[in-house]
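Biologist: I am new to this one. Could you walk me through the terms as we go?

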Amino acid sequence: MGKIIAIANQKGGVGKTTTAVNVAASMAATKRKVLLVDLDPQGNATMGSGVDKYNVNNTCYELLIEEKPIEEVIIKETSGKYHLIAGNSDITAAEIKLMEVFARELRLRNSLASVKNYYDYIFIDCPPSLNQLTVNAMAAADSVLVPMQCEYYALEGLTALMDTIKKLASVVNPQLKIEGVLRTMYDPRNRLANDVSEQLKRHFGEQVYRTVIPRNVRLAEAPSFGSPAMYYDKSSTGAKAYLALAGEILRRGKTNKTAQ
């Protein structure tokens, strides 16, 4: 059975979409079947996958509101060699209309149920806020991957996010757990970054990934070329870091299965 991972952080600008696109591409490169769901109205994950968000016929809006069959919404040709459910500004309207429908927090989970066994991994790029779209992602997901910068305010926000995840788990998805905390845009020369990193490891222990995503120009450039970093410059430190992250996620999955 496939695993659904929501990539979420209420704070913007922490590398959430960069992580979604690049970990999806890295997983696909290991011959896993991968689906990326762009649930952010900005549609950055869609553009970063080489798909024009202004010229897509079906997006998460059609999936959630019009209840189109998921097979009609999935885009199979992307620059990252994974499948995609696109996102654009239409999703803003979806958030409003979800308020009017029955069992609104379960729309995404019900839609993904029919394809969950086909994919090894389904990644959901969440918007940088706690709204109906994020609640849908949390209700559908098996776990949450939290990207964060190693700075003071990010650490403060992480505590609030963990509380939010616990509350959502108790209400909409009792099986929801933390997949891991990912340190992004990391600069080892920065003393504060090192201090916050140590605090993270003390407070969250094994939940903090060993893999660290560095500040990297290639990672920042790749989206403007509509490509994940590994296809833009596979020798870059950013591309190598996300490949390492994919490997760590796979190893953790095997360890958990063995333990069970």
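Modeller: Gladly. A residue counts as buried under 20% relative accessible area, as exposed over 50%, and as partly exposed in between, with a 1.4 Å probe and protein chains only. This is a predicted model, where local features need pLDDT of at least 70 and side-chain atom pairs count only at pLDDT 80 or more, while totals for chains, interfaces and linings use all residues. Residues are numbered from 1 along each chain as its sequence is written, and side-chain values use heavy atoms, with hydrogens and water left out.

Biologist: Is Leu-98 buried or exposed, and how do you know?

Modeller: Leu-98 has 0% relative accessibility, so Leu-98 counts as buried. Leu-98 belongs to helix 5; helices are DSSP runs of H or I with at least four residues, strands are runs of E with at least two, and both are numbered from the N terminus.

Biologist: What does Leu-98 touch?

Modeller: Leaving out residues up to four places away in sequence, Leu-98 touches Ile-65, Arg-104, Arg-107, Gln-132, Leu-133 and Asn-136. Contact means heavy atoms within 4.5 Å. Ile-65 is 33 residues from Leu-98 along the chain, with 7.1 Å between their C-alpha atoms.

Biologist: And what makes Gln-132 buried or exposed?

Modeller: The value for Gln-132 is 15% relative accessibility, therefore Gln-132 counts as buried. Gln-132 sits in helix 7. Apart from neighbours within four places in sequence, Gln-132 is in contact with Glu-95, Leu-98, Met-99, Arg-104 and Glu-105.

Biologist: How do helix 5 and helix 7 cross?

Modeller: Their axes come within 9 Å and cross at roughly 80°. The axes are lines fitted to C-alpha atoms, for helices over the stretch in contact, and angles run from 0 to 180 degrees between N-to-C directions.

Biologist: Why is helix 5 called roughly perpendicular to helix 7?

Modeller: Angles of 65 to 115 degrees count as roughly perpendicular, under 35 as roughly parallel, over 145 as roughly antiparallel and the rest as oblique. The crossing is at roughly 80°, and that makes helix 5 roughly perpendicular to helix 7. Ile-91, Glu-95 and Leu-98 of helix 5 make the contact with Gln-132, Leu-133 and Asn-136 of helix 7.

Biologist: What makes Lys-31 stand out?

Modeller: Lys-31 is not a glycine, yet its phi is positive, about 70°. Most residues other than glycine have a negative phi. Lys-31 is in the loop between helix 1 (16–29) and strand 2 (34–38). At 74% relative accessibility, Lys-31 counts as exposed.

Biologist: What is the phi of Glu-67, and why is Glu-67 called exposed?

Modeller: Glu-67, also a residue other than glycine, has a positive phi near 55°. Its place is in the loop between helix 3 (60–64) and helix 4 (70–73). Its relative accessibility is 53%, so Glu-67 counts as exposed.

Biologist: How many cavities of 30 Å³ or more does a search of the whole structure find?

Modeller: The search finds 1. On a 1 Å grid over the protein atoms alone, a cavity is a set of points where a 1.4 Å probe fits but cannot get out, whereas a pocket is an open set with protein on both sides within 12 Å along at least five of seven lines; lining residues have an atom within 4 Å of a point. The largest cavity has a volume of about 50 Å³. Grid points are joined across faces, edges and corners, and a volume is the space filled by probe spheres set on the points. Residues lining the largest cavity include Ala-8, Cys-126, Met-138 and Leu-161.
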